[in-house]
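Here are my notes for you on this one. Keep the viewer open and click along as you read.

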Amino acid sequence: QGVRDGLAGELRRMDGASYGRYKALLGSWSMPGFTLEVIRGQSDPYAPPARVALRVPAEEAGFPADLWESPVRRRALASYLARRAAEAADHRALRVDAGGQEVLERSSCLVDARDGSVTLRLGVDLPGHGRRIDGHAAEHVLCGLLPKVAERALRYAALDADDVRAFADTVEDSAVLRAALPGLGLVAFVADGAVLPRRSGVDDRPATGDGVVPFASPEELRVSVDLPHAGTVTGMGVREGVTLIVGGGFHGKSTLLRALETGVWDHVPGDGRERVAARPDTVKIRSEDGRRVERVDVHAFVDHLPSGADTTDFCTDNASGSTSQAASLCEAVEAGARALLIDEDTAATNLMIRDARMQALVAKEREPLTPFVDLVRSLHRDHGVSTVLVMGGSGDYMEVADQVVMMDAYRPSDVTERARRLAAVPTGRTAEADAFPGVAHRRPDPGSLDTSVRGRSRIRARGDDGLTFGEHDIDLRAVEQIADARQVVGIGLALELMVRRGYVDGKRTLAEALDLLDSDLEDGAHRLLAVRDEDFALPRRHEVAAALNRLRGLRVLG
Ligand code: ADP
Ligand code: MG
């Protein structure tokens, strides 16, 4: 069946018919300046909205090639268009997933790499009077509002060209900055002038007002980077190795670390964090008591448990604060993380520090935990994994830090030399380990990735911070780099793709299965759209690995 004409007439004829007749809309309709495809109907007025796509051909969309030829600018353009479309679709029946402060590849808007044509996908609540079709309201929504969206938001001629280009330039600069970090020996960069604090815990827009202190790099840590659009930009370089962020409470330590966490994503112009970037393989680690752990070698951190449990092959359905953090750290490195972020506010103290007095009181033989302070150097020296750590409460890390940044009233200064002199005075503390032994690569059991519930495959987002995976749940509340709720949907689809394609086959390690997934994700949203057409944002392999590791049914072979 090809593209049909006469949608308006069809809707008028449907008026008053039973709601199920809306099924007849499935397929493609010719509209002024675009094709409307009804991908999925709506079975009754209370069911999830129908899914439609507006396909605007290249000659109507009219975007110059410089806005869509590179993958990064294409993603930026699509994100910009989704935002304009959400504004133009100002009606409760239309649901456009525009995203928040981060500029992620999303299924809601995609620009074609071949010709710059645009596809907007959205949900439409099909109007009814009770269980009868309201044909006139449907005509207003589909034939009145949607053409307005296409006309106002999806055509270059209707948009502010400078604004579009500024958006694409900002995102491209951010991506170039992130890609430049390894070559500069950096794990992260925070530009001078960046605004890091947010409006509130539930409002991710930048804080405003006189009290906001823009970021200003200390001279000793200042680095300049050449960006294609912004030119030469200066800021603080966070070097590879071990970086300690110290300072009094409320002086902005966690705010700085959170900016680094979200530095794996690009941000919209005006966000304040446009030029804050962290390496793409940066992973936030925290404690998460109660989580499940499946056969992780945590013996570097936890050994000689009173229960006699083998910690080279550690399992639990209910991890403690310290073992959960040890497991999450080993899992992150296993999945390929090369920079770790840890905040004392969300870390297990007993895994982080054990000072001289406690060493004297409690003999090592009676303490299963080896604190991170004795492993963090080796993690970098022997395994190439850097750490950025917020620690205002203990000075023991001064001995192991390559650089120490002090936050003072939101202003960073370099106190590495002072810290080094203080560290030279012995505390009586003795190191409890020489080296981090590395992580064990696990082979997940494909049989444990059964997604079926009563014969049907089921992986679904459960609100903002969890997934249902077959008969099991995945709790993602402690996976803090997830950018928004739609990315949880993306994680679910990525897991489904991995299962369907047999990436986890009983022979591959988890890291090898993630390598295969990575080539799908590199290709953009298309591969996940083929799994299911719904609103989602692309995750990284690290978010997908975090989800798999939290799957209560996961089993590992060997
Ligand atoms: P710490 O971790 O050092 O205790 P936080 O990072 O939690 O401190 O910051 C404490 C408060 O200060 C937060 O409410 C935060 O929003 C605010 N804040 C952080 N950085 C800035 C800044 N640059 N300008 C203004 N307020 C800030
Ligand atoms: Mg804090």
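The points below cover the ligand site and then a hairpin.

1. First, a caution: what you have here is a predicted model. Keep that in mind whenever a distance comes up.

2. Start with where ligand 1 is. Ligand 1 sits in the largest pocket, and there are 13 residues around it.

3. Now zoom in on the polar contacts. Thr255 has a polar side-chain atom 2.6 Å from an oxygen atom of ligand 1. For Lys253, the distance from a polar side-chain atom to an oxygen atom of the ligand is 2.9 Å. Tyr410 also takes part, with a polar side-chain atom 3.2 Å from a ligand oxygen. On its own, ligand 1 has 560 Å² of accessible area, and the protein covers 74% of that.

4. Strand S28 runs over residues 466–469 and strand S29 over residues 472–475. The two pair in the antiparallel sense, over four bridges. To see one of these, find Gly466: its bridge partner in S29 is Asp475.

5. Finally, look at the turn. How many residues lie between the strands of the S28 and S29 hairpin? There are two, and in this hairpin Gly470 takes a positive phi near 55°.

Notes: Residues are numbered from 1 along each chain as its sequence is written. Chains are lettered from A and ligands numbered from 1 in the order in which they are written. This is a predicted model: local features need pLDDT of at least 70, side-chain atom pairs count only at pLDDT 80 or more; totals for chains, interfaces and linings use all residues. Side-chain values use heavy atoms; hydrogens and water are left out. A residue is near a molecule or strand if one of its heavy atoms lies within 4 Å of it. A polar contact is a pair of N or O atoms within 3.5 Å; within protein, one must be able to donate a hydrogen and the other to accept it, and residues adjacent in sequence count only if both atoms are side-chain atoms. Accessible areas come from the Shrake-Rupley method with a 1.4 Å probe; for residues, only the protein chains shown count as cover. On a 1 Å grid over the protein atoms alone, a cavity is a set of points where a 1.4 Å probe fits but cannot get out, and a pocket is an open set with protein on both sides within 12 Å along at least five of seven lines; lining residues have an atom within 4 Å of a point. A molecule sits in a cavity or pocket if more than half of its atoms lie within 2 Å of its grid points. Two strands pair if DSSP finds at least two bridges between them.
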